[in-house]
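Subject: A structure for you to look at

Hi there,

I am passing a structure on to you, and I hope you enjoy looking through it. Please open it first, and then read on.

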Amino acid sequence: MKRVLVVEDEVKIARLVRDYLRQAGFDVLEAADGPGALSMARAERPDMIVLDLGLPGLDGFDVTRQLRATSSVPIIILTARSEESDRIVGLELGADDYITKPFSPKELVARIRAVLRRADATLGGGEVVRAGPLTIDIPKMRATVDGTEVELTSTEFDILLTMARQPGRIYTRAQLLDAVHGVSFESYERSVDAHIKNIRRKIEPDPRHPALVLTVYGVGYKFADA
Ligand code: CA
């Protein structure tokens with residue numbers, strides 16, 4: 001049974017999420033503030049953390065930052081619908097996904113399952129990455145779509161590989177630049193759009209209506225989750 005740590009200070013929401021996750025077959029741990037979340041995460045080693053951003057003690061950003069210093073446990077952050085910048089900051093600190101309040105418990109369960117599936121797939125990752133029709137042979141730096149080789153620059157290769165390793169995971173432009181250069185500068189972030197355009201031209205059956213490399217409006221990009 002997968003164990004999910006739910007970190008939420010609003011009692012009503014915490015109770016709703018807990019009951020729904022238990023019904024869905026998860027073992028649920030709970031914390032109501034930042035320090036409690038950190039000690040629970042360290043002591044109990046959950047498989048996944050659902051983390052509200054607005055918390056007493058330490059906020060969700062601080063918790064994510066501190067967890068990521070030592071752990072790759074999957075994290076889904078809960079954000080207010082209006083706070084686009086929170087979503088981006090959360091993803092850049094290393095959260096795996098976000099869900100906006102108010103949310104349906106059903107959607108939350110679906111997201112948790114998707115993130116857990118991706119985390120399991122990453123653990124088993126070898127030197128060949130497969131995502132939908134795309135196959136990437138990492139040592140050979142070779143990419144094929146439905147068996148046909150596509151020529152990519154090394155930057156395009158790295159960006160595509162980063163996304164294809166975890167289909168469905170959303171990457172901000174800064175994260176994609178990080179994957180390429182190990183560092184990102186805000187002024188270069190728009191250059192990612194140009195690389196994405198080139199990648200689409202090379203791998204998409206219809207680049208104007210992308211089916212593989214998808215835009216997440218206001219946030220960044222993701223590889224389609226089959
Ligand atoms: Ca809160």
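First, some background. This is a predicted model, in which local features need pLDDT of at least 70 and side-chain atom pairs count only at pLDDT 80 or more, while totals for chains, interfaces and linings use all residues. Residues are numbered from 1 along each chain as its sequence is written, and side-chain values use heavy atoms, with hydrogens and water left out.

**The calcium site**

Which residues coordinate the calcium ion? They are Asp9 and Asp52, each through OD, and Gly54 through its O, at 2.1 to 2.3 Å. Donors here are N, O and S atoms within 2.8 Å of the metal (3.2 Å for Na, K and Ca); water is not among the atoms, so the site may look incomplete. Along the sequence, the donor residues follow the spacing D-x42-D-x1-G. Helices (H or I, at least four residues) and strands (E, at least two) are DSSP runs, numbered from the N terminus.

Asp9 is partly exposed, at a relative accessible area of 30%, and Gly54 is partly exposed too, at 48%. For these words, buried means under 20% relative accessible area, exposed over 50%, and partly exposed in between (1.4 Å probe, protein chains only).

**How the helices pack**

Two packed helices are described by the angle between their axes and the distance between the axes. The axes are lines fitted to C-alpha atoms, for helices over the stretch in contact, and angles run from 0 to 180 degrees between N-to-C directions.

Helix 2 (residues 34–44) packs on helix 3 at an angle of about 25 degrees, with the axes 9 Å apart. That makes helix 2 roughly parallel to helix 3; angles under 35 degrees count as roughly parallel, over 145 as roughly antiparallel, 65 to 115 as roughly perpendicular and the rest as oblique. On the helix 2 side, the contact (heavy atoms within 4.5 Å) is made by Gly34, Ala37, Leu38, Ala41 and Arg42, and on the helix 3 side by Val63, Gln66 and Leu67. By class, the contact of helix 2 with helix 3 has 5 nonpolar, 2 polar and 1 charged residues. Ala, Val, Leu, Ile, Met, Phe, Trp, Tyr, Cys and Pro count as nonpolar, Asp, Glu, Lys and Arg as charged, and the others, Gly among them, as polar.

Helix 3 also packs with helix 4 (residues 84–93), at about 15 degrees and with axes 9 Å apart. Helix 3 is therefore roughly parallel to helix 4. Here Phe61, Thr64, Arg65 and Arg68 of helix 3 meet Asp86, Val89, Gly90 and Leu93 of helix 4. The classes in this contact are 3 nonpolar, 2 polar and 3 charged residues.

For helix 6 (residues 154–165) and helix 8 (residues 191–203), the axes come within 10 Å and cross at roughly 80 degrees. That makes helix 6 roughly perpendicular to helix 8.

**Some buried residues**

Ile159, in helix 6, is buried, with a relative accessible area of 0%. Leaving aside neighbours within four places in sequence, Ile159 is in contact with Leu176, Val180, His195, Ile196 and Ile199. Its C-alpha atom is 6.6 Å from that of Val180, which is 21 residues away along the chain.

Leu21, in helix 1, is buried at 1%. Beyond four places in sequence, Leu21 is in contact with Val4, Val6, Phe26, Val28, Val109 and Ile112.

**Backbone details**

The peptide bond from Lys101 to Pro102 is cis, with omega near -5 degrees. Pro102 sits in the loop between strand 5 (97–101) and helix 5 (105–123).

Arg45, which is not a glycine, has a positive phi near 45 degrees. Arg45 belongs to the loop between helix 2 and strand 3 and is exposed, at 66% relative accessible area.

Best wishes
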